[in-house]
Amino acid sequence: MASRQSLACYTLALLFAAAAVSAQLSTDFYDETCPDALDIIESAVRAAVSKESRMGASLLRLHFHDCFVNGCDGSVLLDDAPGFTGEKTAQPNKNSLRGFEVIDDIKAQLEDACEKTVTCADILAVAARDSVVALGGPTWDVELGRRDGTTASLDDANNDLPAPTLDLADLIKAFSKKGLSATDMIALSGGHTIGQARCVNFRGRLYNETTSLDASLASSLKPRCPSATGNGDDNTSPLDPSTSYVFDNFYYKNLLRNKGLLHSDQQLFSGGSADAQTKAYASDMARFFDDFRDAMVKMGGIGVVTGSGGQVRVNCRKAN
């Protein structure tokens, strides 16, 4: 009982903190200091996604992985440096996170337009939104004014990012620790309507969860994901095999047919408390879009530093 009460108090504190931070962030933060910032980011994202559709999912994932590790401070972009090992080589990120060069390009353009003004953390937040829109998803007003962190943590990345092997209860707990509700978790999981997953992250489901995995999907996956560990670990398959490069609600429709690629995906429709919301999203894309945009704004406020804290990095890969 005590631990439950502690978790409830901790979650409540996070919610209050997020609300306070949200009040400090604003959608017009750069209107005077860098009026072309949003246009520069949008143009670069559209070009990158046009060149490679998968990049949209990669940029969305960068923002998620940034916010879940010590808040939305751009720490996921930092290379290893004296004093810390960064997050790029953490187990959930190694050989997996992509899009760093796109962020570098955006940052260079912004430095030319308005030197030392737009933070890397804000670039990630806006690029995530623009990636979703570029692939047919909803738009939302991104709150801005995050400051960049100066350090990163390999251990925190290994511990805080939800693993693809988590059961529903642990998924809910992992998101709750960040001030996000079960509804937020189910909506944000819909980001898996785009993107790819590595064989190493779904091999266990493919060969051990045959009763909850569509047989035809399993057959199509096995040639690229052999059962032997180390064989084809980095081979990828789409998280949404129906419309891999369109941001829609087919992710949830797939779950109703036992076509979730990851164990954690299928947990959203497995006879548990997430079933009703998953079914609702499968039949009502507008509802999914509404909840997704709300959850993205909420996630974008996790652990944010504003005002004179942190810094505006000139190079997103290293502290000033």
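Keep in mind that the model is predicted.

Helix H2 first. H2 runs over residues 37-51, 15 residues in total. From first C-alpha to last, H2 reaches 21 Å, close to the 21 Å expected at 1.5 Å a residue.

Which residues of H2 are buried? They are Ala-37, Ile-40, Ile-41, Ala-44, Val-45, Ala-48 and Val-49. These residues cover an arc of only 150 degrees around the axis, so they sit on the same side of H2. An α-helix has 3.6 residues a turn, so residues three or four places apart point the same way.

What covers the buried residues of H2? The cover includes helix H3 (55-67), helix H4 (100-113) and helix H5 (120-134).

Now the disulfides. Searching the whole structure gives 4 of them. I will go through three pairs.

Pair one: Cys-34 and Cys-114. Their sulfur atoms are 1.7 Å apart. Buried or exposed, Cys-34 and Cys-114? Both are buried.

Pair two: Cys-120 and Cys-316. Here the sulfur atoms are 2.1 Å apart. This pair links distant parts of the chain, 196 residues apart. Cys-120 belongs to helix H5, while Cys-316 lies in the segment after helix H14 (285-299). The S-S torsion is about -95 degrees, so the disulfide of Cys-120 and Cys-316 is left-handed. As for burial, the cut-off is under 20% relative accessible area. Cys-120 has 0% relative accessibility, so Cys-120 counts as buried. Cys-316 has 2%, so Cys-316 counts as buried too.

The sulfur atoms are 2.0 Å apart. The link is right-handed, with 75 degrees about the S-S bond. Cys-199 lies in helix H9 (residues 199-208), and Cys-225 in the loop between helix H10 (215-221) and strand S2 (236-238), so the pair joins parts 26 residues apart in sequence. Cys-199 and Cys-225 are both buried.

What pattern do the disulfides of the protein chain follow? Counting bonded cysteines along the chain, the pattern is 1-4, 2-3, 5-8, 6-7.

To recap. The structure has 4 disulfides. Cys-120 and Cys-316 form a left-handed one, and Cys-199 and Cys-225 a right-handed one.

Methods. Residues numbered from 1 in each chain as written. Predicted model: local features only at pLDDT ≥ 70, side-chain atom pairs only at ≥ 80, totals over all residues. Heavy atoms only, no water. Helix = DSSP H or I, 4+ residues; strand = E, 2+ residues; numbered from the N terminus. Expected span 1.5 Å × (residues − 1). Buried < 20%, exposed > 50% of the residue type's maximum accessible area, 1.4 Å probe, protein only. Arc of directions from axis to C-beta. Contact = heavy atoms within 4.5 Å. Disulfide = S-S within 2.5 Å.
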